[in-house]
Amino acid sequence: MDTAKKVLVYSTPTCPYCKRVKQFLEERGVPYQEIDVASDKAGRDEMVSKSGRMAVPVIDIDGVITVGFDEASLKKQLGE
Amino acid sequence: MYDLIILGAGPAGMTAAVYAARQKAETLLLSKDVGGQVNWTLSIENYMGYQFIEGLELIQKFEEQVRKFPIDIKIGSEIVSCIRVHQGFEVEVAEGTKYLGRTVIICSGKRPRMLNVPGEERLRGRGVTYCEVCDGPLFQGNEVAVIGGGNSALEAVIDMTKIASHIYLASLTPLTGDHILREKVEEADNVTILTEHETVEVKGRDSVSGVRLKDLKSGHEKELAVQGIFVEIGLTPNSDFLRGTLTLSELGEVMINCACETGIPGLYAAGDVTNVPAKQIVVAAGEGAKAALQAHQFLQKCSS
């Protein structure tokens, strides 16, 4: 697995699937940067422009966007 | 051919899986996700053994327990059909893979109901949301509409009073939720309550820009400029894939008797997808156990 990939997680504190995404990454030892879009307005705008969506979680893995906790897509982006 | 295929991995399906595995039935647990509706439940205070537990945590404990047993688990596929074949059932998933089982337990649960109006599907995740808990904070300072009149709609409104600049609450009927929630909504100074209003259209190009409502008393239509629409109009059973195999109730629920039998030998159902009166985690888990024990009895009768 390539752990040099840059992983961003756009999330809100109350969203259950955001927690699942973070757990999924932590279980695999993948470092990620979390952007709390509930409090970070610039982060929210960035998320919307990247994904075209008003929905969390959004995961950016080296520029490839996944919306929602989609295990298959995350595994693919992480090269599993 | 499996002895048993369990469709759905919420409380009913996961409990059924543990019971089946302990009976040494060759079991396949097939589901789109793990946990179902419990994922959206922030706090649980009525599941025995825990005075308080988060939905996500309870689901993880269920999953841990299921994974201790040697059963096949396939997560991530939508189930598209379940039909009777010689000596059992054939279950097909969206990718086209087919699985054979001598018995099946349907535990596919429920999902949020849609409005079924123009614009809704296209703007889903682009301002239209069914999970206020998840997406609510994205609408900081925006004007939003909450559709519905029950407890979940009222709770969504109360949450959003701290986030949105203004909230329109549009309900087809007079508000039906708990008195204490209605009071909170009525007291909030940034909420407009529109009862007996039907939602007729979601407007917007790339994202939601408004919602069109019809006043059922006057017959007049009006458009509200909102950036977010929270649909909170209840749940619908995940039973579409059973049409043609089973007769469903008017609500789309799978009709079962007190032994979780559907009327087709070898086909059982449990949990919120059924007509069981209480839609509760503890009830779904109990029903899952019952269904698995029934299936086990059926399998033993067939092999003897």
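Biologist: Why is B:G177 called partly exposed?

Modeller: B:G177 has 19 other C-beta atoms within 10 Å. A residue is buried if 20 or more other C-beta atoms, placed from the backbone, lie within 10 Å of its own, exposed if 12 or fewer, and partly exposed in between. Therefore B:G177 counts as partly exposed. This is a predicted model, where local features need pLDDT of at least 70, side-chain atom pairs count only at pLDDT 80 or more, and totals for chains, interfaces and linings use all residues. Residues are numbered from 1 along each chain as its sequence is written, while chains are lettered from A and ligands numbered from 1 in the order in which they are written.

Biologist: Where is B:G177, and which residues does B:G177 touch?

Modeller: B:G177 sits in the loop between β12 (166–171) and α5 (179–187) of chain B. Helices (H or I, at least four residues) and strands (E, at least two) are DSSP runs, numbered from the N terminus. Leaving out residues up to four places away in sequence, the contacts of B:G177 include B:G149 and B:R182; contact requires C-beta atoms, placed from the backbone, within 7 Å. The C-alpha atoms of B:G177 and B:G149 are separated by 6.4 Å, though the two are 28 residues apart along the chain.

Biologist: What makes the buried residues of α2(B) lie on the same side?

Modeller: The buried residues are B:G55, B:I59, B:F62 and B:V66. They cover an arc of only 60 degrees around the axis, which puts them on the same side of α2(B); the arc is that of the directions from the helix axis to the C-beta atoms.

How values were computed: Contact = placed C-beta atoms within 7 Å.
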